[in-house]
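Welcome! Here are some exercises for getting to know a new structure, with a worked solution after each task. Try each task yourself before reading on.

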Amino acid sequence: MTVLDDINAGVREDMAARKRLVSLAELKERADAAGPARDAWSVLGGNASPRNELKVIAEIKRRSPSKGHLASIADPAELAVQYADGGASVISVLTEQRRFNGSLADLDAVRAAVDIPLLRKDFTLDEYQIWEARAHGADLILLIVAALSDSELRDFSQLTRELGMNALVETHTAEEIERAVAAEARIIGVNVRNLKTLDVDHSVFASLAGGIPPEALVVAESGVRGVEDVRHYAANGANAILVGEALVSHATPRERIGEFAAAGAEAIAARL
């Protein structure tokens with residue numbers, strides 16, 4: 001069993017417990033009452049021409065399977081305000097419990113504190129989670145190609161669009177990019193971490209990003225330790241970066257976001 005398989009098994013078990021407490025019908029009512037989703041596509045530069053800025057998706061992340069404990073984050077709402085004030089375009093909130101120590105309560109707290117788009121960062125395996133994300137105020141969800149069949153990827157993408165949300169469709173191989181494009185993904189992430197082994201290879205991004213259609217937004221995921229990594233991603237086609245550890249472990253995450261955005265803009269300017 002791979003690491004991803006093990007995580008997914010836990011996600012299904014925890015979701016089954018939530019389903020016993022809140023029905024899909026009730027979630028749909030809550031989603032309808034949540035109001036329209038925020039336009040993450042535009043916020044991330046989807047309509048800009050040229051796309052000459054590097055956008056930052058700042059993540060609220062307490063721990064990870066690869067690194068263990070990262071930060072306590074007693075008040076995710078306060079950290080989210082720092083992220084927003086620092087210029088983050090989107091805030092990613094981990095809601096997976098077992099490996100990341102996240103929760104839907106974190107998502108609720110962050111939604112009440114900021115008015116920028118939120119990504120519910122979890123392992124989406126069932127339409128229940130998509131309705132759940134919208135009911136709790138998320139504007140984007142994560143769809144990991146390696147965890148889904150083609151029909152699931154297509155159906156989940158369609159439901160996301162119907163709910164007015166966007167999906168960050170995560171890939172790690174050229175074949176997965178082809179599958180994401182076939183599902184009409186508009187925001188495609190390249191994760192340099194192999195979720196089956198947790199190994200990180202920064203060269204994966206440069207080798208794959210060029211295969212993503214120019215009309216899609218390209219998000220570099222994982223492996224950001226400092227500005228040199230940001231420059232590398234931006235120089236090789238990233239429109240946005242998703243950063244967790246480098247922010248939650250930094251003394252001044254607000255300022256760190258500005259440093260990353262500036263470094264990325266410089267690299268993009270040199271590329272265009």
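## Exercise 1: the pockets

The largest pocket has a volume of about 570 Å³. This is a predicted model, in which local features need pLDDT of at least 70 and side-chain atom pairs count only at pLDDT 80 or more, while totals for chains, interfaces and linings use all residues. Residues are numbered from 1 along each chain as its sequence is written, and side-chain values use heavy atoms, with hydrogens and water left out.

**Task.** Find which residues lie nearest the centre of the largest pocket, and which elements give residues to its lining.

**Solution.** 
1. Start with the term: on a 1 Å grid over the protein atoms alone, a pocket is an open set of points with protein on both sides within 12 Å along at least five of seven lines, and lining residues have an atom within 4 Å of a point. A volume is the space filled by probe spheres set on the points, which are joined across faces, edges and corners.
2. The lining has 34 residues, and Lys61, Ser66, Arg193, Ser222 and Gly223 lie nearest the centre.
3. Two or more residues each come from helix H1 (3–21), strand E6 (140–144), strand E10 (240–243) and helix H11 (245–248). Helices (H or I, at least four residues) and strands (E, at least two) are DSSP runs, numbered from the N terminus.
4. H1 gives the most, with three residues.
5. By class, the lining of the largest pocket has 16 nonpolar, eight polar and 10 charged residues. Here Ala, Val, Leu, Ile, Met, Phe, Trp, Tyr, Cys and Pro count as nonpolar, Asp, Glu, Lys and Arg as charged, and the others, Gly among them, as polar.

**Task.** Now describe the second largest pocket.

**Solution.** 
1. Its volume is about 200 Å³.
2. Of its 13 lining residues, Pro214, Val218, Gly237, Asn239 and Arg271 are closest to the centre.
3. Seven of the lining residues are nonpolar, four polar and two charged.

## Exercise 2: helix H6 and its partners

**Task.** At what angle do the axes of H6 and H7 cross?

**Solution.** 
1. The axes of H6 (residues 127–135) and H7 (residues 150–162) come within 10 Å and cross at roughly 20°. Axes are lines fitted to C-alpha atoms, for helices over the stretch in contact, and angles run from 0 to 180 degrees between N-to-C directions.
2. H6 is therefore roughly parallel to H7, a term for angles under 35 degrees.
3. Glu127, Ile130 and Trp131 of H6 meet Phe156, Leu159 and Thr160 of H7, where contact means heavy atoms within 4.5 Å.
4. This contact holds four nonpolar residues, one polar and one charged.

**Task.** Which residues of H2 and H6 make their contact?

**Solution.** 
1. H2 (residues 24–33) packs with H6 at an angle of about 35°, with the axes 8 Å apart.
2. H2 brings Leu24, Leu27, Lys28, Arg30 and Ala31, and H6 brings Glu127, Tyr128, Trp131, Glu132, Arg134 and Ala135.
3. The contact of H2 with H6 has six nonpolar, no polar and five charged residues.

Key
Angles under 35 degrees count as roughly parallel, over 145 as roughly antiparallel, 65 to 115 as roughly perpendicular and the rest as oblique. On a 1 Å grid over the protein atoms alone, a cavity is a set of points where a 1.4 Å probe fits but cannot get out, and a pocket is an open set with protein on both sides within 12 Å along at least five of seven lines; lining residues have an atom within 4 Å of a point.
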